[in-house]
Amino acid sequence: EYTINKIAAGEVVERPSSVVKELVENSIDAKSSKITIEISNGGKDLIRITDNGHGIPKSQVEKSFLRHATSKISQIDDLYELDSLGFRGEALASIASIARVELITRTSEDTIGVKVCIEGGVVKSNEPIGTSIGTTIIVKDLFFNTPARKKFLKSSTSENINITDMINKLCIGNPDIQFKYINNNRIMLTSPGDSNLKNTVRSIYGKKISDNLKSINIETDFLKLVGYIGNNTIYRNNKTLQHIYINGRYVKSKLILAAIYEAYKGILPINKHSICFLNLSIDAQKIDVNVHPNKLEIKFEDDQRIFNLIKIKINELLLGTNL
Ligand code: ADP
Ligand code: MG
């Protein structure tokens, strides 16, 4: 119950970007190879996610909007052993309680799909509909029934910045998925979905960034760090270009960023941050349980050892090559 309370304490839906995150993660969990995200007015008026994943069986559709009685995990460190991104069973329930939601879905087992409309947590309709395999979820009028929370939303421009940043992270973390992002009817991004991280980076940040990446492949008996670090002389202090994933899950890791920074010391001017796209694979037991999943901050059992290892390995690589 310790873990469950701790998880329940987190607000799933803070702002439009957190809705986008939860819904896209559901599409990823459904093994989609193609995910389309459409946004209007900073996500405040409309968020529409369309995927070609396995869909939800007819009999499960309304149930998926109920807060699960039990969590999929008993310990927070299990989080990093799960093969699904979702684990709390409360995203759809939370979202449907504060918005007007429409969900259209079909599995390969069903010949006809289903469309469910839920407003403020109340099921308004449930009817059959012809649709392709996969799921479309439309979230309208976020916080329509909670004006106090609606007031906390920022301008569309600033919500869009958060949404774009979130989509970029999801996209970089899943180079095998083809993402399409449309904002106010404008195509913002189409990622190749060809499993090539460099091509995915190029589709988001352009050739100038993707052509100046140095491949990282560090493997020891207890961790594996794979991906790219960049040439910081292009963009300074652009933290949106720092992507760290642990076992495929996007996290904020001051420790890894600090280790990279230290590795660059004396090579690049101070006050510059390194561009990085890195996934750390590590035994879940080595990750500190004292974390909050929603804040995405992680701690390791042996911080110093990991810090030193990453710093030394990247420094060796930088000194041995010409970035
Ligand atoms: P969680 O992801 O933690 O299980 P959610 O509230 O996010 O909880 O989703 C509830 C359930 O609805 C999921 O476990 C999944 O079975 C189903 N679901 C939600 N979105 C999709 C989707 N896009 N494709 C297939 N199933 C989905
Ligand atoms: Mg989920």
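Reader: How do you know how far to trust this model, and what does the protein average in pLDDT?
Author: It's a predicted model, and the protein averages a pLDDT of 86, with 85% of the residues scoring at least 70. The pLDDT is the predictor's confidence in each residue, on a scale from 0 to 100. Beyond that, the model scores ipTM 0.99 and pTM 0.89.

Reader: What about residues 1–10, where the pLDDT is below 50? How many contacts does this stretch have beyond near neighbours in sequence?
Author: It has 12 such contacts in the model. Still, where pLDDT is low, the predicted coordinates should not be read in detail.

Reader: On to the sheet. What is the order of the strands in the open sheet?
Author: There are eight strands, running β5-β4-β3-β6-β2-β1-β7-β8, and the pairing is mixed. Neighbouring strands are turned by 10° against each other on average, ignoring direction.

Reader: Why do β5 and β8 stand at the edges?
Author: β5 (122–129) and β8 (186–190) each have a single partner strand, so one side of each is left without a neighbour in the sheet.

Reader: What makes β3 and β4 a pair?
Author: Two strands pair if DSSP finds at least two bridges between them. Strand β3 (residues 100–106) and strand β4 (residues 113–119) have six bridges, so they pair, and they do so in the antiparallel sense. Glu-102 stands opposite Cys-117 in β4.

Reader: Which strands do α2 and α5 lie across?
Author: α2 lies across β1 (34–40), β2 (46–51) and β6 (134–140), at about 10° to β2. Helix α5 (residues 156–173) lies across β1, β7 (178–183) and β8, at about 170° to β7.

Reader: How do helix α8 and helix α9 pack?
Author: Helix α8 (residues 254–264) and helix α9 (residues 303–319) pack at an angle of about 35°, their axes 8 Å apart. The crossing is right-handed. Among the residues making the contact are Leu-255 and Ile-256 of α8, and Ile-306 and Phe-307 of α9. The contact residues divide into 12 nonpolar, one polar and three charged.

Reader: Finally, what surrounds ligand 1?
Author: 19 residues do, and the closest are Asn-26, Ala-30, Ser-64, Gly-86 and Ala-91. The shell divides into six nonpolar, nine polar and four charged residues. As for helices, α2 (16–29) and α3 (91–97) each supply at least two residues of the shell.

Conventions. Residues numbered from 1 in each chain as written. Chains lettered and ligands numbered in written order. Predicted model: local features only at pLDDT ≥ 70, side-chain atom pairs only at ≥ 80, totals over all residues. Near = placed C-beta within 6 Å. Helix = DSSP H or I, 4+ residues; strand = E, 2+ residues; numbered from the N terminus. Nonpolar A, V, L, I, M, F, W, Y, C, P; charged D, E, K, R; others polar. Axes fitted to C-alpha atoms, helices over the stretch in contact; angles between N-to-C directions. Left-handed = near helix turned anticlockwise from the far one by under 90°. Contact = placed C-beta atoms within 7 Å.
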